[in-house]
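Please open the structure in your viewer and keep the selection panel at hand. The stops below go from the whole chain to one part of its surface.

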Amino acid sequence: MNSVTEDTTVSPRPPAVKINTIGFADVRAALAAGWRDFLKAPLIGLFFGGIYAAGGIAIFLLLKVYHEPWWIIPIAVGFPLIGPFVAVGLYETSRRIAAGQPLKLSEILLVIFAQRKRQVAWMAFAVLFIFWMWLYEVRMLLAVFLGFKSFSSVEAFINVITTTPEGIGFLCVGTAVGAGISFVLFCTTVVGIPLLLDREIDLITASIYSFKAVFQNPVPMIGFGIIVVVLTFLAFLPMFLGLLVVLPVLGHATWHLYKAVVAPER
């Protein structure tokens, strides 16, 4: 009689991720390191920042063509949501700088392309889905508070939401909902995406550790998130051109903050 041998081999579990306790000094150090990395690889930084800026300009021009330029405001609000994924190339650049490896854009792009087979691709899907949900939520709130109105300009939209009771209601509720969405996504990605790039780990585990990093260090981590939002909005003012510098600096800084809050792998 033939015997059947069962494979009882158990795949080794990845080592646990240790989360460090950090302070504002670590946030300042991460921002300073982000600026230094940008200066060490300015062309790479400008390349990735340029993609982000070009995307914003293209969206604005399309909205102008379709006579709905006011949509640029909710889109601009949602832009920071997808920033962490766009910054994957900047994380890889900072990693190479720290390791003393060559800074070749072609190799960095290959690393980004290779993420389609890893968990980062699923994180990107989740981020883009939440961004789409944010735009849907804006449309729904507009219908509830203002009806299905269309505004001829950004100025007209701002005038309505700041001078009418319905507009102020839309602004208050939309801000609260948007803040909640942004907080959840920030908690998921601020450590989650760098961790997925740096180690072989699954999406759920990376997200859990990312939440843990924020809740273990709420003041410095949320402070960093506020800095990201403020600098990103300021970068929008000169027709998205500020993103050429702001995005790469913040991308590099996020990597260094990740390295500060996550202990080295044993």
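This is a predicted model: local features need pLDDT of at least 70, side-chain atom pairs count only at pLDDT 80 or more; totals for chains, interfaces and linings use all residues.

Residues are numbered from 1 along each chain as its sequence is written, and side-chain values use heavy atoms, with hydrogens and water left out.

Next, colour by secondary structure: the chain has twelve helices and zero strands (DSSP runs numbered from the N terminus, helices being H or I of at least four residues and strands E of at least two). Of the 266 residues, 44% count as buried (under 20% relative accessible area, with exposed over 50% and partly exposed in between, for a 1.4 Å probe and protein chains only).

Now show the surface, of which the chain exposes about 14,200 Å², with 70% supplied by carbon and sulfur atoms (Shrake-Rupley method, 1.4 Å probe; for residues, only the protein chains shown count as cover).

Select Phe183, Val184, Phe215, Ile222, Ile226, Val230, Leu231, Leu234 and Leu237, which make a nonpolar surface patch of about 820 Å². Helix H8 (165-189) and helix H11 (218-236) are the elements that give two or more residues to this patch, and H11 provides the largest share, five residues.

Finally, centre on Leu237, in the loop between H11 and helix H12 (243-261); Leu237 counts as exposed because its relative accessibility is 67%.

Terms used: Patches are made of residues with over 30% relative accessible area and no salt bridge: like charges are joined within 9 Å, nonpolar side chains (Val, Leu, Ile, Met, Phe, Trp, Tyr) within 5 Å. A salt bridge is a side-chain nitrogen of Lys or Arg within 4 Å of a carboxyl oxygen of Asp or Glu.
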